[in-house]
Amino acid sequence: MASKILPLELIDKAIGSKIWILMRGQTEIVGTLRGFDDYVNLVLDDAVEYTVDNGETGDICKRELESEILLNGNHVCVLIPGAEGPEDSMAMASRAERGGERGEEGK
């Protein structure tokens, strides 16, 4: 039988490494995890924020955050330790949505 690991133990093992965070809405953040608390408030360094532009193009906006940041745990949906980032997944989702919209217009 595999040993059990608690969620906070998993996050603790990710300190000092890259982590990909999916937030509520369409925001995703990648950065180096420096710390966290029991409410999963996170402290990150070298963070990059990815959002989907709500304009016609649906492009992915990438913004490098200049300083250490604190993320409120209430807005965190998914943590992916060791992941490099969302660029591919968000690009695919954005293209799929645009393709779906075009398909509906042609009907």
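The legends below describe close-up views of a predicted model of one protein.

**View 1. Overall fold of the protein.** The secondary structure consists of two helices and six strands. Read from the N terminus, the elements follow the order α-β-β-β-β-β-β-α. The protein has 107 residues, and 31% of them count as buried. Among contacts with a separation of 6 or more, 53% are between residues 24 or more positions apart.

**View 2. The largest nonpolar core.** This core has 14 residues, and those touching the most other members are Ile21, Ile29, Leu33, Leu44, Ile69 and Leu71. At least two residues of this core come from each of strand S1 (18–23), strand S2 (27–36), strand S3 and strand S5 (69–71). A second, separate core has five residues, including Trp20, Val30, Val48 and Ala83. In soluble globular proteins, nonpolar side chains tend to be buried together.

**View 3. Contacts of Leu71.** Neighbours within four places in sequence are left out of this view. Leu71 is in contact with Ile21, Met23 and Ile29, and also with Val40, Asn41, Leu42 and Leu44. Ile21, Ile29 and Leu44 are, like Leu71, among the residues that touch the most other members of the largest core.

**View 4. Two residues with positive phi.** Most residues other than glycine have a negative phi. Val40, which is not a glycine, has a positive phi of about 60 degrees. Val40 is located in the loop between S2 and S3, and Val40 is one of the residues in contact with Leu71. Asp46, also a residue other than glycine, has a positive phi near 50 degrees. Asp46 is part of strand S3. Asp46 counts as exposed because its relative accessibility is 53%, and the cut-off for exposed is over 50%.

View 5. Asp53 sits in the loop that joins strand S3 (42–52) and strand S4 (60–64). With a relative accessibility of 34%, Asp53 counts as partly exposed, because this class lies between the buried cut-off of under 20% and the exposed cut-off of over 50%. Which residues is Asp53 in contact with, leaving aside its neighbours within four places in sequence? They are Gly58, Asp59 and Cys61. Gln26 is 27 residues apart from Asp53 along the chain, and the C-alpha atoms of the two are separated by 9.3 Å.

Terms used. Residues are numbered from 1 along each chain as its sequence is written. This is a predicted model: local features need pLDDT of at least 70, side-chain atom pairs count only at pLDDT 80 or more; totals for chains, interfaces and linings use all residues. Side-chain values use heavy atoms; hydrogens and water are left out. Helices (H or I, at least four residues) and strands (E, at least two) are DSSP runs, numbered from the N terminus. Buried means under 20% relative accessible area, exposed over 50%, partly exposed in between (1.4 Å probe, protein chains only). Contact means heavy atoms within 4.5 Å. A nonpolar core is a set of buried Ala, Val, Leu, Ile, Met, Phe, Trp, Tyr and Cys residues joined through side-chain atoms within 4.5 Å.
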